[in-house]
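Reader: I'm new to this one and would like to go through it slowly with you. Could you put it up first, and then I'll ask as we go?

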Amino acid sequence: MEEFLKECERSGDAAYAAFKALLERLESPATRSDARVFLAALHRRFDSKDAAERCFHTYHFRIHDVHVADFEGYQQRKKLTMMEIPSIFIPEDWSFTFYEGINRHPGSIFKDKTVAELGCGNGWISIAIAEKWSPLKVYGLDINPRAVKVARINLFLNALDENGLPIYDEEGKTLLDRVEFHESDLLAYCRDNNIQLDRIVGCIPQILNPNPEAMSKMITENSSEEFLYSLSNYCALQGFVEDQFGLGLIARAVEEGIAVINPMGIMIFNIGGRPGQGVCRRLFERRGFRITRLWQTKVMQAADTDISALVEIEKNSPHRFEFFMGLVGDQPICARTAWAYVKSGGCISHSLSVYSCQLRQPNQVKTIFDFLKNGFQEVSSSLDLSFDDDSVADEKIPFLAYLASVLKENSFLPYEPPAGSVRFRNLIAGFMKIYHHIPLTTDNVIVFPSRAVAIENALRLFSPQLAVVDEHLTRHLPKQWLTSLPIEGSVGNGSVEDILTVIEAPRQSDLMIELIKKLKPQVVITGMAHFEAVTSSAFENLLNVTREIGSRLFLDISDQLELSSLPGSNGVLKYLAGRTLPSHAAILCGLVKNQVYADLEVAFVISEEETIFKALSKTVELLEGHTASFSQYYYGCLFHELLAFHIADRHPAAERECADKKSADMIGIASSAISTLNDAELSISDTKDSTVIHMDVDQSFLPIPSAVKASIFESFARQNMVESETDVRSGIRQLVMNSYGFSCDRSSEFIYGNSHLALFDKLIRCCIQEKGTLLFPSGTNGNYVSAAKFMKANIMTIPTHSEVGFKLVPETLATLLGTVRRPWLYISGPTINPTGLLYSNEEIKDILAVCAKFGARVVIDTFFSGLEFNTDGWGGWDLQSSLSMLTCSGSSFCVSLLGGLSFELLTGGLEFGFLILNDSCLIDTFYTFPSLSRPHSTVKYAIKKLLGLRMQKAQHFVEAIVEQKKILKNRSDRLTKTLHSCGWDVVSCCGGVSLVAKPTAYIGKILKIDGFEAKLDDGNFREAVLRATGLCINSGLWTGIPNYCRFTIALESAEFDRALQCVTRFKKLVFEI
């Protein structure tokens, strides 16, 4: 023993080395007993408190008893024997308070559970838990390697008696069976070894003045005693918003714990109350925990603790820390007052609380944090899962988990048909089947951005002379429809079909039926009064009277549909459970009933008539593009939560009676709409073949950058966003100025839509309202031209020629403008869609000069710009300079800028459209069409974040843009090479996501495949390629350039490779068979 003590006396490092050698003897079964006897002798040598203290200062260790009141366990022990050395954290008030808090839990909390203690130090709490409550296993974890060695020695001190014999508990186990100690930075050991925990406990210090350099050194057991002791205070920044309050380490421990704790697990932490109780509670609550404060006391602030950093925080923020004057003070004082009081000789204390916390939705919260830890740590600062109302939590947390899984598992947002997300429509159909016994399918449901859009699209589709609409549903209809009365006689100069009159009607069914009988409208759109909706009789009466008269009926059930596992009685749905929906009727429902976002809406229409389903789906694609994906995701989660616990197909579908098909002559789809929808080459969505390759869709399927994913998730993770966080005006103003030299002033009107197509739809109506003519250069995106035709606008095509890449030239434009009254020119630029060529600054300047001369209104569509990859000699645009030099012959000349940011900001399926108007008359006209589907605040938040990154030229975001341009250039080159080798003439593109090519070698050739035989021309070329190869492209009918087809190139990598194979295979089918 004397030799051992002499070695320890040399230094703390020497003492540690001596005990490390002793630990090796303890860990060997052959020498374990003797080593424990030696420890007992050391303990007896310094058995008094004073002797132990002298030993600590002389020999750099001490062994003493830790007395724990009412401590029992199987052996009825009242104390534990513990060893300490200077380079580890010494138990003090913090740890004893923590143990008292643990004691507040019932005894069963640790029984047979797997437990981890963070920052175990000398291991006394881990050993105490194992001794008292018999857990399955306790893992004591500490970053200090010397602490772990000392904890293991203490384990042997308490697992063996003074004679070196094992101490067994009632299950025949010793502490050696129940406790392990490991070196670990927080929960790294459990994470790396896939250990799932039932309980996590931790007495973790706060860092009042974080030192970023403190953790940069390599941690080894040979480090200095001072450095190793500092590890006990984890004095480095942790990268969390809580760092500013000294709680960053606890925040990291909590988030690491979420990954390894079992769903019903409990975490218990000791937290000093200096930051304030609200901040401490919020640390847990915003991460999805329910918390209970088990115990609270006060402890004296250590005299050597510098709180000046907290004074600085108070100086620069409204936050106030909480201290007390002495132990008996009950009124908190701020850090500045506390600092002054200490400097004057006073003593301060702070509260010390023990919190028990449990995840409120464990599996979903785990999914969220699993997503965040993969490169999205910054987003966690914005995450807020604290909710006063459980119903809000039950709705939002599952959605965030679903959103996290979508963003994690998908590198891009997949293609969805215009009728709506297949998953979402399946969920709606499933809800109707499970809860209301209506056997619907996905092909009975069409999704719209809003109820107002659904109503207006339906009216445009049928174009009735007269429609009767529930007075509650007319607010968003065009004013012209609500003020015209052609039923009185003359219809003026227009054709009868072009006039649509809407009569407002009361919702009460008997009054509505009376109006229907008298006015005999072709279309009826109405809801139902609540007192009539309980039974089906009012609905049946409406069905019968509209059938007799020959009216189309759209019945709105928005107010009656309950997204609940216990839905109330609904007469309309009761009817549909027993009978099919008649062909003249459809059900309309706007979804706005959610607990979180009062302004988040989607709508759906139910129709069991295939023709109506297809036609309505096409109106969505033509006039809206798509319904916002994330709105569908949100309501899809609500439906999923209602369906997830049901056993699939447990009840067979009920047999339903067929609806009575006898009806009067009924209005059909308007002839102009039929013609347009049949001629428009809209996306192929009625095929069940999931292997179709879409090179006909204006969407990017390239990988979404992490910055975009982070912004999307953060927009939903946030709560209580203020208006300034969603105001994108300044960002868009800066974007259009930097990108196109387009200047905006205070009179400029910024209008936002769910998509650029929704905004273009309103511009078409403005043109019609002004009795103008829309001019499209040949080689314009076919959907725009088809939308104008569907709206029955006056349109003209401006010829373009291959010699100039099908660009618009001023001479041709001037010739045509001289023959047109009130001209409106649509032009895509700088990147032209679909050719992918670029208008130079001189070219657009000359075009605008011609327009100014003839007083034309100009709509410049920048949606497809921002991804230019062949820009040698181009130089960009300076519209401000070009416009300043123009001389206008008439006041009608103006330039409106239409755009979207899905390509510019690489957002893929997250669409956002903007429109900048500078003409006051045009602005007034635009607002007479109120049914615009606008982006939700979450979308605007995400867009604002991304605009900020682009303006700041954030390196990771700029690199992502550069990378996508490289990909598109590579795709363009590869596709061009393949097409050339297969007999196509290609127009070389310079930017954007598409190019055009002429199948010169194929025109007039005969193709014979199963079910298809034809001589190839513009009218059948698209169908031929699709049937032969599964590749969907657009033909010359869509591009407006005879025989030139459009290919989009922003496909997922494997899909693009398949597309190239399809081009080659088509050549073989035509020429080699």
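**Cavities, strands and cores**

Author: Let me begin with the second largest cavity, where α29 (756–769) and α30 (782–790) each supply at least two residues of the lining. Please keep in mind throughout that this is a predicted model.

Reader: Okay, and how much space lies in that second largest cavity?

Author: The second largest cavity holds about 230 Å³ of space. It is lined by 20 residues, and those closest to its centre are His 626, Val 697, Asp 698, Leu 757 and Asn 783.

Reader: How do the residues of its lining divide into nonpolar, polar and charged?

Author: The lining of the second largest cavity divides into six nonpolar, eight polar and six charged residues.

Reader: What about the largest cavity, what volume does that have?

Author: The largest cavity has a volume of about 270 Å³, and 21 residues line it, with His 626, Thr 627, Ala 628, Ser 629 and Gly 909 lying nearest its centre. In its lining there are 10 nonpolar, nine polar and two charged residues.

Reader: Which helix gives the largest share of that lining?

Author: That is helix α25 (residues 629–643), which contributes four residues to the lining of the largest cavity.

Reader: And how many cavities of 30 Å³ or more does the structure hold?

Author: There are 10 cavities of 30 Å³ or more in the structure.

Reader: Which strands pair with it, and over how many bridges?

Author: Strand β8 (residues 289–300) pairs with β10 in the antiparallel sense over 11 bridges, while strand β7 (residues 261–272) pairs with β10, also antiparallel, over six bridges. Strand β9 (residues 324–325) runs antiparallel to β10 and is joined to it by two bridges.

Reader: Let's move to the nonpolar cores. How many residues has the largest one?

Author: The largest nonpolar core has 300 residues, and Phe 713, Trp 984 and Phe 1047 are those with the most contacts inside it. Helix α16 (residues 390–409) provides the largest share of this core, 11 residues. Apart from it lies another core of 35 residues, among them Phe 98, Ile 125, Ile 127 and Val 148.

Reader: What does Phe 1047 touch?

Author: Not counting residues up to four places away in sequence, Phe 1047 touches Met 695, Leu 975, Leu 979, Trp 984, Val 993, Ser 994, Leu 995, Ala 997, Ile 1033 and Val 1063.

Reader: One last topic, the open sheet of three strands: what order does it have?

Author: The order is β26-β27-β31, with antiparallel pairing, and the edge strands, β26 (985–986) and β31 (1045–1048), each pair on one side only. Strand β27 (residues 994–998) is joined to β31 by four bridges, and Ala 997 has Cys 1045 in β31 as its bridge partner.

Technical notes. Residues numbered from 1 in each chain as written. Predicted model: local features only at pLDDT ≥ 70, side-chain atom pairs only at ≥ 80, totals over all residues. Heavy atoms only, no water. 1 Å grid on protein atoms, 1.4 Å probe; cavity = no way out; pocket = protein on both sides within 12 Å on 5 of 7 lines; lining within 4 Å. Points joined across faces, edges and corners; volume = space filled by probe spheres on them. Nonpolar A, V, L, I, M, F, W, Y, C, P; charged D, E, K, R; others polar. Pairing = 2+ DSSP bridges. Core = buried A, V, L, I, M, F, W, Y, C linked by side-chain atoms within 4.5 Å. Buried < 20%, exposed > 50% of the residue type's maximum accessible area, 1.4 Å probe, protein only. Contact = heavy atoms within 4.5 Å.
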